[in-house]
Structures are given as C-alpha cells and as structure tokens.
Amino acid sequence: MHLPAITTPRLNMRDWAPVLADPARRAWLVAALTPLLTPQVLAPLPPSLALQGVDVSGWIAARAEECRVMLVLCRDSARDDALAGLVLLAGDRARGLHLGYLLGQRHWGQGLATELVSGLVSGLSEAGPVTLRAGVGRDNPASARVLQKAGFQRVAERSDIWTDHFIRRIG
C-alpha cells in the first residue's frame, strides 16, 4: 500500500520507508525516537508496542515488519525534521486498516492528535475508499475524543469494559 504524503497546518506526515532504507537517515530516526518513546507515551498502546527487552532499533524493525508507518513531523520547527510522533497502519485497504498513533509528550494538549487523525482521514480519502478501525483503552478518553472529532463512530458490539472500538469509512 502506498502512503501519501500528508500536510496539515502544523504537521507533515510521510512514509518512513525511505528513511529506513538510508543508513544515515535511519540513525537519525533511532536518535529522534529514543527520547520520544517514553513509558508514558507507550502506556496507552497495546503491549506488543512496548520497548520491553528490545532497543529502539529493534522496535523500529518490529514495526516495519508488522505495519506501515508514517513519520509525523512538526512544520513550525526551526528544523523541518522535528519528529513529533508516528502513525501506524496495519492491514490493507481491501479489508480495512487498523490505525494507531503516538505523539511525544511535549506535543500533548495542543490539538495535534486531532489535526493528525483528521489530516490522515483527508489524505487517505484521496486514494480511494478505505475503512479505518481503532481501539482505545477506556482509561484514555482523550484519544476517544480525537477519533470522534475526526468522524469515527464507536462500535458498541465490538467494545468491552477495557477497550472502545471505533470505525471510520472514508473515500
């Protein structure tokens, strides 16, 4: 699946594949992700995304094997390569994509998550129809609000006491 480059007022999102293919840029990514992947940032994500027992290089390799990843870069930074977070998309367009995202702690509370998810929906819609799915822990109501602002609907029959499941058909 080709991931389009997506631009929002404050963010640039692009496929990380070219970065992984270049050893110097991959080293930049490891250095940029190391302070970003804190326990607080990773806590709301599934346990499979934890850093336990693996370094950042191993974490990157595991993500590259299981899903497509987009870098989320701040546009208003003095440097145009300031990594703010990641978007993770698992699955395929035909059956639907499972959406995950993370932002570094210093970017929390600024509306960037809403901008990120809304921008992603808009950018993916240009490539044709797709269904996005997302799961959010009940202890993370801020992420649930982000999805709802971007047009996702809670799927009651798939939700349980620990996790709310959301869906958004686009395109």
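A residue is called buried when its relative accessible area is under 20%, exposed when over 50%, and partly exposed in between, as computed with a 1.4 Å probe and protein chains only. By this criterion L42 is buried, because its relative accessibility is 11%. The model is predicted: local features need pLDDT of at least 70, side-chain atom pairs count only at pLDDT 80 or more, and totals for chains, interfaces and linings use all residues. Residues are numbered from 1 along each chain as its sequence is written, and side-chain values use heavy atoms, with hydrogens and water left out.

Confidence was examined before the fold. The pLDDT score gives the predictor's confidence in each residue, from 0 to 100. Its mean over the protein chain is 92, and 96% of the residues reach 70 or more. Among the elements discussed, helix α3 (residues 39–42) has the lowest confidence in the protein chain, with a mean of 92. The highest value, 98, belongs to β7. Where pLDDT is low, the predicted coordinates should not be read in detail.

The protein chain contains six helices and eight strands. Both are DSSP runs numbered from the N terminus: helices are H or I of at least four residues, and strands are E of at least two. The order of elements from the N terminus is β-β-α-α-α-α-β-β-β-α-β-α-β-β. The radius of gyration is 15 Å, close to the 16 Å given by the globule rule for 171 residues, so the protein chain is as compact as a globular protein of that length. That radius is taken over C-alpha atoms, and the rule is 2.2 Å times the number of residues to the power 0.38. The C-alpha trace spans about 45 × 35 × 30 Å along its principal axes.

Of the 171 residues in the protein chain, 47% are buried. The accessible surface comes to about 8800 Å², and carbon and sulfur atoms account for 53% of it. These areas come from the Shrake-Rupley method with a 1.4 Å probe; for residues, only the protein chains shown count as cover.

The eight strands form an open sheet with mixed pairing, in the order β1-β2-β3-β4-β5-β6-β8-β7. β1 and β7 are the edge strands; each has a single partner strand, so one side of each lacks a neighbour in the sheet. Strands are taken as paired if DSSP finds at least two bridges between them. In a regular strand the side chains alternate between the two faces of the sheet.

A hairpin of three residues connects β1 to β2. I6 has M13 in β2 as its bridge partner. β2 continues to strand β3 (residues 68–74) through five antiparallel bridges. There, N12 stands opposite L73 in β3. Strand β4 (residues 83–92) is joined to β5 by eight bridges, also antiparallel. L86 faces L102 across this pair, standing opposite that residue in β5.

Strand β7 (residues 153–154) pairs with β8 in the antiparallel sense over two bridges. I167 of β8 stands opposite R133. I167 also stands opposite Q153.

T8 occupies the loop between β1 (6–7) and β2 (11–15). T8 counts as buried because its relative accessibility is 7%. Its side chain makes a polar contact with that of E115 at 2.5 Å. Such a contact is a pair of N or O atoms within 3.5 Å; within protein, one must be able to donate a hydrogen and the other to accept it, and residues adjacent in sequence count only if both atoms are side-chain atoms. Not counting residues up to four places away in sequence, T8 touches M13, R75, E115 and G119.

L42 is located in helix α3. Beyond its neighbours within four places in sequence, L42 contacts L37, L49, L51, W59 and L102. L42 and L86 are 44 residues apart along the chain, and their C-alpha atoms are separated by 12 Å.

H107 lies in the loop between β5 (96–103) and α5 (112–125). H107 is buried because its relative accessibility is 5%. With neighbours within four places in sequence left aside, H107 is in contact with C74, L83, A84 and L112.

Technical notes: Contact means heavy atoms within 4.5 Å.
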